[in-house]
Every structure is written in structure tokens, then in C-alpha cells.
Amino acid sequence: MPRWIKPAVAILLLVYLVIQILSFRSQEKTRLAPAERFVMVLASPLQNMAWSAVRGSVNVWQDYIRLIGVSRTNRALYDERNALVRRLSELKEVEQENRRLRGLMEFREREGLKLLFAVRIASGATPYERTIRVRRGNADGVKREMAVLHPGGVIGQVVEASGRVSDVLLLSDLNSAADGVIQRSRARGIVRGSGLNELTFEYLTKGDDIVVGDEVMTTGLDGIYPKGQLIGRVTRIEKDGKGLFVSARVKPSVDFSRLEEVAIVLEKRE
Amino acid sequence: MKNWIAFGVVMFGAWVLQTSLLAGLFLVLARGLGLPFLAGQTVNLALLTLIYLSLHRDVSGTLIWAVVIGFVGSWFGTTWNGALTSSFFLVSLVCGGLRRNLLLKDDLTVAVFAGAMVLVQAILQLGAGEILNQIPGAFEREYDVIIGAVLVTGAAAPVWFRFLRAVDALSGAISQRSRTMLLSGL
């Protein structure tokens, strides 16, 4: 027998075995061998446990351990965001103040009045009086009966002035009054405070030309307010029917509740 | 003496707070919540302090307090002379008169009573002002402000009274109201 026969047979057997194994694995298995079933029954809970452990670990890693860092980052971002919001708020405040002050400066240039700017520091003692306290007083040249204005219109007049603070009676106070005129028709009357953010324009005669929306201005004849300052706009006309006079409701051009800075008229132009 | 000084400080602080911090807070609330009727409102802490004193001190001492609080209040505003002193004096008198018949047992009754006294003070202040022609047409123009003041100050009364009780406790004051109750066996 030649020497190569043995290895050739062995190779053929191996090839056959491989082919047999391959053909066996590719067949559809309909039934499991008892041993295999036993192994599966025994192994599956362990496999499940192991898989669950891995999966659990992954979850713990993803949902917790890795989130420790995320949480820290989140906190840092949150703090940063809060700081930015605070900063933004401060900048908005500065921007608004800047706008208000620029308005006051333009107002001074436009009106040609000698004005002194003052910051509001308090309100009146009770809700029934419309006064504000400002941080300017005698020491700054403020005196009683000086007009107080705003770029938006008339505010009121100084009723008390001490060293460094003054009390301003707002035009909306029941005790306030100013000589007013309808800008369009020049109809004259007296503007009085009416409590809340409303004024009444009184002593207009029945023949006066007045319509809703008319602008009411100061005449300067009361000796307190400079001429030509906007007081407000007519919102309603009240005709009595019997009396000689007509009155009108006027919405002030300035929202008194939003006042922060005002301008005190130290000297009126001639 | 210690108690007098303590209440002097409280009274001054009350005026400062109600004309600045609280008034400003209500303006912010009015703007922020879109409730314009809150603008111009404040908690009348000075009046609440007076009501508290009127309920817990002897009448004569409290009447002096009423004049002092009203007088100091006139430095914080521009109401006509005597508006606060006279109305506070009368409120103090009313409280003193009602004291023995009152049982302010919980926060609600305290709030209601304080609200009623705010109303009395407003009527006295505005009524006297109208009669003396200082504030023409005051009631018809101010009724909504009065309602706001009654609600706001009344609601704050229980909290402020707690604070004043704490001041009393710290300064070692004995409430006249408690003393009367003890003497009458209540």
C-alpha cells in the first residue's frame, strides 16, 4: 500500500465529517434532544440573570453613574443660566433707565426750561392722597409750588420741600388743579384731580368745541405749570343738560403709578 | 419704658415701610398682575399698630399714641393738617370703647375687625376732608380705593398683630386686655 493512502483517506473522512456536520446544523430542528433541553432549562435562568445583570449595569451606568456628571453639568448650566438671566435683567434695567434719562435730557433741550431731575423715593402716607416723595429739596433749589414734569406730560407741583427731599402733589390728587386748554379748539377750563388715574376738565362752556381724543394742554395762566405742557386726552364728555358748563374726563398722558424719575421746573422761560 | 421705645421704633418703621417698600410692592404687583386697582395701595401698618395698641393698652395712653402716630404720619404725606391725628384719635377711641366687647379669637375675626377700622378711619379722614371742603367729592371718587385699603390692610392684620405680640413679649409688656380678662375671670 502506498504511503499517501492513509493521509488521503483521513482527509476524505474529515471532509465527509465536516459535510455531515454542516448538513446536520442546517436542518430544521423540530425536536430537542433531552440533553440539550436539560442544558437549556438549566442555563436559561442563569443566562437571564447574567444578561439582566449586564443590562442592569449598563442601565445603571447610563442612567445614574454617567448622569452624575450630567447632573453636575446641568447644575453648572442652571447656575450659569440664572446668572445670565440676572445679568440680562440688570442690563434691561440699565437700558430702561438710560432710555428714561435720555428722554429727560431731550425733554430739557426741547422745552428750554431749567429743570432739575429727581428720583422718586416714596409714596403718600395713605392711599387717599396722590403724592410722591422725591430726593431733591431746598438744598437743591427746590421750592413750594414749583411744577413737576415728565417727558410724557405734567406730573404735579411741589407742596413741601425740606433739606434733601420734597413732596409732590400729583395732578390726579383731589386737591390738584391746573388751568388747561383743548389744543385743537383752544377751549379753556380747569383740570382737576379725580382720585385714581383720571382727571376732570371742568368749566367748559356748552358751546365749546370738544371731542373725545382732544389733547389737553397747560395754559401757563395758573402761575405754576409752564405753558404748552401735555396734560392728557379727553376720554368722555359729560353734558349736564341743565347747567351752564360741560365737563370732560381726561386720561393723564403720564401713568402716575410708573413714575421713577421726574423733572422739577426751577425756572420757567418768559 | 422699654416697650414705649420699642413701639416708637415700630411706629416709625411702619410709616417708612408703608410709604416705600409696601407701596412700591403694590405698584409692582399692579403692573405684574395687571390689576390697576392695586396701584397706589399699601398696607396701613401705622393704623394697624394703633388698633393693636388700642386693644391692648389703657385708653388714655393709647390716645396719646394715636396723636403721635398721626402726627408723625403727616411727615410722610401731604394730607391736610389734622387729617391723620383726628381720624387716628377717633379710631383709637372706637377701639378702646369696643375692647371689652370684643373676642378676637382667630385670624379671620382680627382681619375683619381691622378692615372695619380701616373703613372707619377712611370715613373719618375723607368725611372730615369733604366737610371742611379740603377734598370735594371724596367718597364718590375714592370708594374703590377705600375698598382696596380695607381688603389689603385687613388681610395683613393677623400677620402684623403677631409681629406686635412678639415685640410686646420681647419688651415685657403686659396686655391690658389680658389683665382685664384675668380680673374678670375669663
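Figure 1. Four residues apart in helix H2 (residues 34–111) of chain A, A:Glu95 and A:Arg99 are separated by about one helical turn. In this predicted model, the two side chains form a salt bridge, in which the closest N and O atoms are 3.0 Å apart. A:Glu95 has a relative accessible area of 45% and is therefore partly exposed, since that class lies between the 20% limit for buried and the 50% limit for exposed residues.

**Figure 2. A salt bridge between chain A and chain B.** The side chains of A:Arg130 and B:Glu142 meet in a salt bridge, with an N to O distance of 2.5 Å. A:Arg130 lies in the loop between strand S1 (114–123) and strand S2 (131–134) of chain A, whereas B:Glu142 belongs to helix H7 (residues 138–171) of chain B, so the pair joins two chains. A:Arg130 is buried, and B:Glu142 is buried as well.

Figure 3. A:Asp167 and A:Arg133 meet through their side chains in a salt bridge, at 2.8 Å from N to O. Because A:Asp167 lies in strand S5 (residues 166–170) and A:Arg133 in strand S2 of chain A, the pair ties together parts that are 34 residues apart in sequence. A:Asp167 counts as buried at 7% relative accessibility, and A:Arg133 counts as buried at 14%.

**Figure 4. A salt-bridge network in chain A.** A:Glu198, A:Arg236, A:Glu238 and A:Arg249 are linked with one another in a network of salt bridges. Over all chains, the count of salt bridges comes to 17.

**Figure 5. Packing of helices H6 and H7 in chain B.** Helix H6 (residues 107–131) of chain B packs with H7(B) at an angle of about 145°, and the two axes are 7 Å apart. The crossing of H6(B) and H7(B) is right-handed. On the H6(B) side, the residues that meet H7(B) include B:Val110, B:Ala114, B:Val118, B:Leu119, B:Ile123 and B:Leu126, while on the H7(B) side B:Phe139, B:Glu142, B:Ile146, B:Val150 and B:Phe161 are among those that meet H6(B). Sorted by class, this contact of H6(B) with H7(B) has 16 nonpolar, four polar and four charged residues.

**Figure 6. The surroundings of B:Phe161 in chain B.** B:Phe161 lies in helix H7 of chain B and is buried, with a relative accessible area of 3%. Leaving aside neighbours within four places in sequence, B:Phe161 is in contact with B:Leu48, B:Ile51, B:Tyr52, B:Leu55 and B:Val110. Of these contacts, B:Val110 is also one of the H6(B) residues listed in the meeting of H6(B) with H7(B). Although B:Phe161 and B:Leu48 are 113 residues apart along the chain, their C-alpha atoms are separated by 7.7 Å.

Figure 7. A:Val159 and A:Glu145 are 14 residues apart in sequence, and their C-alpha atoms are 6.0 Å apart in space. Not counting residues up to four places away in sequence, A:Val159 touches A:Arg144, A:Asp167 and A:Leu169 in chain A, together with B:Thr78 in chain B.

Figure 8. A:Thr126 is buried, with a relative accessible area of 2%. Once neighbours within four places in sequence are left aside, A:Thr126 is in contact with B:Asn44, B:Thr79, B:Leu84 and B:Gln125.

Figure 9. Chain A has two helices and 12 strands, and from the N terminus on its elements run α-α-β-β-β-β-β-β-β-β-β-β-β-β. Buried residues make up 34% of the 270 residues in chain A. Among contacts in chain A with a separation of 6 or more, residues 24 or more positions apart account for 55%. The accessible surface of chain A comes to about 17,100 Å², of which 57% belongs to carbon and sulfur atoms.

Terms used
Residues are numbered from 1 along each chain as its sequence is written. Chains are lettered from A and ligands numbered from 1 in the order in which they are written. This is a predicted model: local features need pLDDT of at least 70, side-chain atom pairs count only at pLDDT 80 or more; totals for chains, interfaces and linings use all residues. Side-chain values use heavy atoms; hydrogens and water are left out. Buried means under 20% relative accessible area, exposed over 50%, partly exposed in between (1.4 Å probe, protein chains only). Contact means heavy atoms within 4.5 Å. Accessible areas come from the Shrake-Rupley method with a 1.4 Å probe; for residues, only the protein chains shown count as cover. A salt bridge is a side-chain nitrogen of Lys or Arg within 4 Å of a carboxyl oxygen of Asp or Glu. Axes are lines fitted to C-alpha atoms, for helices over the stretch in contact, and angles run from 0 to 180 degrees between N-to-C directions. A crossing is left-handed if the near helix is turned anticlockwise from the far one by less than a right angle, and right-handed if clockwise. Ala, Val, Leu, Ile, Met, Phe, Trp, Tyr, Cys and Pro count as nonpolar, Asp, Glu, Lys and Arg as charged, and the others, Gly among them, as polar.
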